Amino acid sequence: MITALFGGTFDPVHLGHTNAVRSLLESEISPHRVIIMPAFVNPFKAGINTESRADCGQRLEMCRLAFEKLPRCQVSDYEIKKGSISYTSDTLRHLKTTYPDDDLVLTVGSDSLATLPTWNRADYIIKTARIAAVSRSEEESHKLKDYSEAVKAMGGRVTIIKALPFDISSTEIREKIVNNQDISCYVDENVVQYIVSESIYKSGDK
Ligand code: ATP
Ligand code: MG
C-alpha cells in the first residue's frame, strides 16, 4: 500500500492545497491513503498576533472540512497533539512505525521542494519517502525539474505530479480577508463559512 503525507500550516487551507492532493490521487502514484498533517504552530513563539491567525483546533477543523470531499484522505492531529515543533523527518518515522509495510510518499509544493535539501534530516526524509512535487504556479512549473535534480543528487526519488497550477497562498487569503475581499474562488465554501462564523483573520497583523 502507498501512504502519502501532505503537511503544512494550512492557515487557512485553500483550493491550491486540495488541487494538489486531487492531482496526486489521480496521478500514477495513486496513493491508498493521503494523510493531511497540519503542523503545530505556537503563535506566541512565532511572534504573531493570535487574532490574525487560526488556532490549532481551527486549522484542524478547516482541513477536515476541505478534505472530507476527497476520497482516501484523512486529517491527522498527530503533530498538533505533540504540541511542539515537528520535523517532517519525525513524522515520517512515526508513519513508518504506523504503516511498516507501506511505501511512503511525501507530497510538496514547488517552494517546499526547492528548500527540502536544507530540511532537518533531509537525508533521512529522502531515503524514507518518494517525493511527489506539485507546481504552485505556471512560472514555477519550469523550475520543478531543477529542484528535483537537487533532491535526486542526494539519492532521492522524485515524481512530478501533473496538475493545473492553482496559484494562491494562505498569506494572500489572509490579506484578502483583512481587506474585505471575496475569497470564495480560492477557499472551499464550508471553510469560508467557518472562517466567517469563527471571525478568523480579521486583524491586519500578519
Ligand atoms: P503561507 O502563505 O502561510 O506559507 P501556503 O499557501 O504556502 O501558506 P502552506 O501551509 O505553507 O500553504 O503549504 C503547505 C504545503 O502546500 C507546502 O508543501 C506548499 O508548497 C503546498 N502548497 C501551498 N500552496 C499551494 C498551491 N497553490 N499549489 C500547490 N501546492 C501548494
Ligand atoms: Mg507556505
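This is a predicted model: local features need pLDDT of at least 70, side-chain atom pairs count only at pLDDT 80 or more; totals for chains, interfaces and linings use all residues.
**Entry 1**

Residues are numbered from 1 along each chain as its sequence is written, while chains are lettered from A and ligands numbered from 1 in the order in which they are written.

I looked on the other strand as well and saw that Leu104 in S4 is the bridge partner of Thr3. S1 and S4 are parallel and pair over four bridges, whereas S4 and S5, also parallel, are joined by six bridges. For my own reference, helices (H or I, at least four residues) and strands (E, at least two) are DSSP runs numbered from the N terminus, and two strands pair if DSSP finds at least two bridges between them. I also wrote down that strands of a sheet pair through backbone hydrogen bonds, either parallel or antiparallel.

**Entry 2: the whole sheet**

In which order do the six strands of the open sheet lie? I read the order as S3-S2-S1-S4-S5-S6, with parallel pairing. Strand S3 (73-75) and strand S6 (158-160) are the edge strands, each pairing on one side only. Neighbouring strands are turned by 25° against each other on average, direction ignored; axes here are lines fitted to C-alpha atoms, for helices over the stretch in contact, and angles run from 0 to 180 degrees between N-to-C directions.

I then checked how covered strand S4 (residues 103-109) is, and six of its seven residues are buried, where buried means under 20% relative accessible area, exposed over 50%, and partly exposed in between (1.4 Å probe, protein chains only).

**Entry 3: Arg130**

Arg130 is found in strand S5, and its relative accessibility of 29% makes it count as partly exposed. Leaving out residues up to four places away in sequence, I listed what Arg130 touches (contact means heavy atoms within 4.5 Å), and among them are Ile29, Val105 and Thr159. Thr159 in S6 also stands opposite Ala132, and S5 and S6 pair in the parallel sense over three bridges.

**Entry 4: helix H9**

Helix H9 (residues 144-153) packs on the sheet, touching S5 and S6, and its direction makes about 170° with that of S6. Which residues of H9 are buried? I found Leu144, Tyr147, Ser148 and Val151. They cover an arc of only 95° around the axis, which puts them on the same side of H9; the arc is that of the directions from the helix axis to the C-beta atoms. An α-helix has 3.6 residues a turn, so residues three or four places apart point the same way. On the other side of H9, Lys145, Asp146 and Ala153 are exposed. After H9 comes Gly155, with a positive phi near 90°.

**Entry 5: helix H3**

Lastly I turned to helix H3 (residues 56-67), where nine of the 12 residues are buried, so H3 is largely enclosed by the rest of the structure. The buried residues include Cys56, Leu60 and Phe67, and the elements that the buried residues pack against include strand S1 (2-8) and helix H11 (189-198).

Definitions and conventions:
Side-chain values use heavy atoms; hydrogens and water are left out.
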